[in-house]
Amino acid sequence: MTTQPATLEGVAYHAPERVVAVEELAERLNLTKSKVQLFRKMQGLKELRYDPEMRFEDLVLPAARQVLDEAEVPLSRVTHLIFAHATQLLAPSTVDVAQELRRQLGLTRATAFSLTQQNCASGMAAVDVAGELLRLDGDPDARALVVTGEQAFTAGIQLIPDTAVLGEAAAACLVAVDGAGAPVRSYVTQTLGEYSNGVRIGKERAADLGQIYPEIFADTMRRAVSEAGLTLADIELLIPHNVNMMSWRQTIQALDFPRERTFLENIPRFSHCFASDVFVNYVTLRDEKRLVPGRHYLVASVGVGTTFAAMVITHRED
Amino acid sequence: MDRQGTIQAIEAGLTDVLEREVSGLAEETRFFEDLHLDSTSILELLMSLEEELGFQVDPDELDMKDFVSVGTFVDYLDKVVTA
């Protein structure tokens, strides 16, 4: 029996309006002039959204409310809320953010929990988990809401040394099983546990990881395309996370995939927004009418620690 | 600028990037094996020299073969600085 696919019934994102140039963060992030240039010119990270005055709920809730409103499904049909985030602790230990989101969204029937272990690849993992949980429940009308979004509330969180400057954005994705939305045709991950110290692995091990990163990431994407029953020639666009330009230059070379079919335009505009990038990019393309119904899109992200993730989605109009 | 002057500029750039004194580089000194630099440190050095020596790099045109040793890097800088 063929497994019924998870389908994306709605995707939205929300970001602070305040745009900050990377050089404006030099003092906060203790960046020398050459580091700023490294980020701007080599890594292609030029601007990001960042608003320290914004309340967390004002960042995260609008996208979630938007997908729930647009889907026009009764809130009682939402049986799961998965809050996927990269920063391990986003609130004091007495606050369960997933439960708080569930309460504020009025999802009284939903089981709510967080998913964070795959760091910036957690958003894609949450879509997969949402599909699995809905399939287990077996209710064809049930929906799961995936929510991402976090703030760069310390300098340490806002910087992955030499690799990325983090911006702020939130996203939401309403998932069904075998619904009318865009079907998820495959999802593949590879985790290298030996780098689980994440941003604290040190320069030498980071250099080792840098050597193998493009090939392992390319391999993960090839597997996802193959599991979807497709070849790279069938992929209309690669929709990546926004970590930086340098790693994508190397990765698409390892994948032997054309740069003109890789969506890199949001890297200088948003920089890396934790686990929200791929959703922000998907919505950007959709809103610019650059997604074609029936065509296949390869979505890919990496979470420090280190998880490589790739997913193939066939676009359908909302 | 002659080759020795360019090597001195590289030493000054590396001193900034690595935040430790770097001197006595020879043309044969290899960035990765001998100095244990990673690729981002090389690029940061390039950014530091871009301003210092007054040239513009196109990130899409970089070839890591130019960054094997001090000598290959001096050859590269000779090309881009006079371009």
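What share of the contacts in chain B with a separation of 6 or more comes from residues 24 or more positions apart? The answer is 67%. Keep in mind that this is a predicted model.

1. Chain B, overall. Chain B has three helices and zero strands, and along the sequence the pattern reads α-α-α. Its radius of gyration is 11 Å, close to the 12 Å that the globule rule gives for 83 residues, so chain B is as compact as a globular protein of that length. The C-alpha trace spans about 30 × 25 × 20 Å along its principal axes. As for burial, 30% of the 83 residues count as buried.

2. Helix packing in chain B. Have a look at α1 (residues 3-18) and α3 (residues 70-82) of chain B: their axes come within 10 Å and cross at roughly 110°. That makes α1(B) roughly perpendicular to α3(B). On the α1(B) side the contact is made by Arg3(B), Thr6(B), Ile7(B) and Ile10(B), and on the α3(B) side by Val70(B), Phe73(B), Val74(B) and Leu77(B). By class, that contact has six nonpolar residues, one polar and one charged.

3. Phe31(B). This one sits in the loop between α1 and α2 (39-53) of chain B. Is Phe31(B) buried or exposed? It has 23 other C-beta atoms within 10 Å, and the cut-off for buried is 20 or more, so Phe31(B) counts as buried. Leaving out residues up to four places away in sequence, Phe31(B) touches Leu37(B), Ile42(B), Phe67(B) and Ser69(B).

4. His36(B). The loop between α1 and α2 of chain B also holds His36(B). Its phi is positive, about 55°, although His36(B) is not a glycine. With 13 C-beta neighbours inside 10 Å, His36(B) counts as partly exposed. I'd flag the backbone here, because most residues other than glycine have a negative phi.

5. Chain A, overall. Chain A comes to ten helices and 13 strands. For 318 residues a compact globule would have a radius of gyration near 20 Å, and the 18 Å of chain A agrees with that. Its C-alpha trace spans about 55 × 45 × 40 Å along the principal axes. Buried residues make up 51% of the 318. Among contacts in chain A between residues at least 6 apart in sequence, 81% join residues at least 24 apart.

6. The two domains of chain A. The domain assignment gives domain 1 (6-177) and domain 2 (182-314) of chain A, and their C-alpha centres lie 17 Å apart. The contact takes 44 residues from domain 1 of chain A and 36 residues from domain 2 of chain A. On the domain 1 side, the elements giving two or more residues are β1 (6-14), β3 (47-49), α5 (122-137), β6 (143-150), β8 (164-165) and β9 (169-177) of chain A. Of these, α5(A) gives the most, with seven residues. By class, this side of domain 1 of chain A has 24 nonpolar, 14 polar and six charged residues.

7. Where A meets B. Twelve residues from chain A and ten residues from chain B make up the contact. On the chain A side, α2 (33-42) and α7 (202-227) of chain A are the elements that give two or more residues. α2(A) gives the most, with six residues. This side of chain A divides into five nonpolar, three polar and four charged residues.

8. Backbone spots in chain A. Two places deserve a look. The peptide bond from Gly305(A) to Thr306(A) is cis, with omega near 5°; Thr306(A) lies in the loop between β12 (296-303) and β13 (307-314) of chain A. The other is Glu72(A), a residue other than glycine whose phi is positive, near 50°. Glu72(A) is found in the loop between α3 (56-71) and β4 (78-84) of chain A. With 7 C-beta neighbours inside 10 Å, Glu72(A) counts as exposed. Most peptide bonds, by contrast, are trans.

Notes
Residues numbered from 1 in each chain as written. Chains lettered and ligands numbered in written order. Predicted model: local features only at pLDDT ≥ 70, side-chain atom pairs only at ≥ 80, totals over all residues. Domains from an automatic or database assignment. Contact = placed C-beta atoms within 7 Å. Helix = DSSP H or I, 4+ residues; strand = E, 2+ residues; numbered from the N terminus. Nonpolar A, V, L, I, M, F, W, Y, C, P; charged D, E, K, R; others polar. Axes fitted to C-alpha atoms, helices over the stretch in contact; angles between N-to-C directions. Parallel < 35°, antiparallel > 145°, perpendicular 65-115°, else oblique. Rg over C-alpha atoms; globule rule 2.2 N^0.38 Å. Buried ≥ 20, exposed ≤ 12 C-beta atoms within 10 Å, placed from the backbone.
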